[in-house]
Structure formats: structure tokens, C-alpha cells
Amino acid sequence: MLELDNIHSYYGKSHVLEGVSLHVDAGELVTLLGRNGAGKTTTLKSIMGLVDTRRGHITFEGHDVTGQQPFHIARRGVALVPEHRGIFSILTVEENLKISVRRGSRWQLEDIYQWFPRLKERRRNSGNALSGGEQQMLAIARALLNDPRILLLDEPTEGLAPVIIDEIVKILAAIRKEGLPVLLVEQNLRVCEAVADRHYILEQGQVVYHGSADDFQADPSIRDRYLALSA
Ligand SMILES: Nc1ncnc2c1ncn2[C@@H]1O[C@H](COP(=O)(O)OP(=O)(O)O)[C@@H](O)[C@H]1O
Ligand SMILES: [Mg+2]
């Protein structure tokens, strides 16, 4: 449903993605792994039309969206939850959620409170009173209320305590069970292995590995070779 075919993306003269191809099929949760600076965020930004993609094609649900304006791509149902969360800190949790509700969305406020009981507890708190984990939950919740057709998540567990990471993992598993496709950028292998159907590894703007969750787990040499991380 989402396909990147040999894309080359640039910041000015800086050639960052050098022929990235990947795809996310209906109902899949796919991770994009790789060291800092590999080009993971740039890949998500390319999908959203936020960086200059000069070669290759990005197709979403059969439409070529390469080079389209970000708002067109968002309107097709591509939702990015960026690394730095972008919570409106002057609003309460509930106000933040209410401004994101879309009429006819498959997810409404009550559904969100069921999935994120912590947000319900905190609904009268202002955004800037939230912990990092709660802000991340609020950012994901807001994206869901917009009724996306695919969710792009950039390092949702970065810097969070293990107990909060477990909550995010549960939410990711619930999203996957609902059949909403997800492209997840993540450095925490435990999170990836808990929820993903397939993995891609990016290195210096190129895909250097692609495999099913089972293949990846069965061959620990892959993570030694490409990732400066442990499970
Ligand atoms: N706005 C920018 N302008 C110029 N170069 C950038 C910009 N953002 C990222 N880069 C460069 O692009 C490369 C990939 O960055 P990024 O996609 O953020 O990596 P990752 O998300 O995998 O850590 C890095 O070398 C980074 O320095
Ligand atoms: Mg990044």
C-alpha cells in the first residue's frame, strides 16, 4: 500500500538517501532500523513530501505522491508522528485530543481513552505537565483521531523508561491488531522484535538488510554487523 522505489533525497546539495526501496503492505507493521544519521528520519520526511526527493517514486495506495505537497500527502491519510512529538503545551490533554478528532473517524475520544487509560487519567492536565512517555502517547493518540490510513512513527520510545516502553509496545500491538499499517523507526530492538512483521536496516542512506521478523531473530550476526545495539 506504501512503496518507495529507489528514492534519492537531498538537503540542498547533500545527497542523503541513495536509492531507498521499501514497502509496507496492508495491515503490516514494518520497522526501519539503523544507526544515528543513517537516514531513517529522512525516509519518513521523504514519504511526507518534506524533503526534496529528486529520483525514484513514492506510491501510496496506487497514487504516485512523489514531490507532492505535504498537505496533499497528509490528506491521503499518511500520518507522521515526529521525533519531537509536537504537543501543544498550552492545551490540556483532552483539548489536544478534541482538536484532532475527525468526524466519521473510526477512532473517537472514547476509543482513545480505552487504549490509553493514562491519558484519560491525565485529561485535565496541560500538555507541558506530561512526562515524555505521556507526551508520546498523546502524539500517537492525536494521529489516530485523524483517522490515518498509515502511521509513520519516528523513535516513539526514545528516552523513555522501560515500564512506559512496555505501554507503548502494547499500544503498537493494538494498532497492528486493528490492521492499521505502521512504518516504525526504532532503535530499541526489544520493541521491534515484539511488534514487527518485517524489518529494514538503513546504512548511509541505503537499505543494507531486509527480512522477516523470524529471519532477523534467527540470525544474531545481522544486528552485530549493522546495529550498534543490543536486544
Ligand atoms: N535538515 C538537514 N539538513 C542537512 N542535513 C541533514 C538535515 N537533517 C538530517 N541531515 C543529515 O542527513 C543524514 C541522515 O539524517 P537522519 O535522516 O536524521 O538520520 P537518522 O534519523 O537515521 O538518525 C545525516 O547525515 C544528517 O546529518
Ligand atoms: Mg532520526
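Modeller: Two strands pair if DSSP finds at least two bridges between them. Keep that in hand for Arg198, which stands opposite Ser212 in strand 10. Remember that this is a predicted model.

Biologist: What makes strand 9 and strand 10 a pair?
Modeller: Their bridges. DSSP must find at least two. Strand 9 and strand 10 (residues 206–212) have 6 bridges, so they pair, in the antiparallel sense. They form a hairpin with 2 residues between them. Gln204 in that turn has a positive phi of about 45 degrees.

Biologist: How do you know that strand 3 pairs with strand 9?
Modeller: By the count again. Strand 3 (residues 29–33) and strand 9 (residues 198–203) share 4 bridges, and at least two are needed, so they pair. The sense here is parallel. Val30 stands opposite Arg198 in strand 9.

Biologist: Which strands make up the open sheet with mixed pairing?
Modeller: Its 6 strands come in the order 6-7-8-3-9-10.

Biologist: Why are strand 6 and strand 10 said to stand at the edges?
Modeller: Each has a single partner strand, so one side of each is left without a neighbour in the sheet. The twist of this sheet averages 15 degrees from one strand to the next. Strand 6 runs parallel to strand 7 (residues 150–154), joined by 4 bridges. Within that pair, Leu80 has Leu152 as its bridge partner.

Biologist: Which strands does helix 7 touch?
Modeller: Helix 7 (residues 162–177) packs on the sheet and touches strand 3, strand 7 and strand 8 (182–185). Its direction makes about 155 degrees with that of strand 8.

Biologist: Why is Val30 called buried?
Modeller: Val30 has 21 C-beta neighbours inside 10 Å. The cut-off is 20 or more, so Val30 counts as buried. Its place is in strand 3. Beyond four places in sequence, Val30 touches Val24, Leu183, Ala196, Asp197, Arg198 and Tyr200. Val30 and Leu152 are 122 residues apart along the chain, yet their C-alpha atoms are separated by 9.9 Å.

Biologist: What does Leu152 contact?
Modeller: Leaving aside neighbours within four places in sequence, Leu152 is in contact with Leu44, Ile47, Val78, Ala79, Leu80, Val81 and Leu183.

Biologist: What makes up the largest nonpolar core?
Modeller: It has 60 residues. Those with the most contacts inside it are Ile112, Ala141, Leu151, Leu152, Val182 and Leu183. The largest share, 7 residues, comes from helix 6 (residues 132–145).

Biologist: How do you know that Leu119 is buried?
Modeller: Count its surroundings. Leu119 has 22 other C-beta atoms within 10 Å. Buried needs 20 or more, so Leu119 is buried. The residue lies in helix 5 (residues 117–121). Not counting residues up to four places away, Leu119 touches Val93, Ile112, Tyr113, Met137, Leu138 and Ala141. From Leu119 to Ala141 is 22 residues in sequence and 9.0 Å in space, C-alpha to C-alpha.

Biologist: Which element gives the most to the shell around ligand 1?
Modeller: Helix 1, with 3 residues. The residues around ligand 1 are Tyr11, Ser14, Val16, Gly34, Asn36, Gly37, Ala38, Gly39, Lys40, Thr41 and Thr42. Strand 2 (14–24) and helix 1 (40–47) are the elements giving two or more.

Biologist: How many residues of that shell are polar, and how many are nonpolar or charged?
Modeller: The shell divides into 7 polar, 3 nonpolar and 1 charged.

Key
Residues numbered from 1 in each chain as written. Chains lettered and ligands numbered in written order. Predicted model: local features only at pLDDT ≥ 70, side-chain atom pairs only at ≥ 80, totals over all residues. Near = placed C-beta within 6 Å. Nonpolar A, V, L, I, M, F, W, Y, C, P; charged D, E, K, R; others polar. Core = buried A, V, L, I, M, F, W, Y, C linked by C-beta atoms within 7 Å. Buried ≥ 20, exposed ≤ 12 C-beta atoms within 10 Å, placed from the backbone. Contact = placed C-beta atoms within 7 Å. Axes fitted to C-alpha atoms, helices over the stretch in contact; angles between N-to-C directions.
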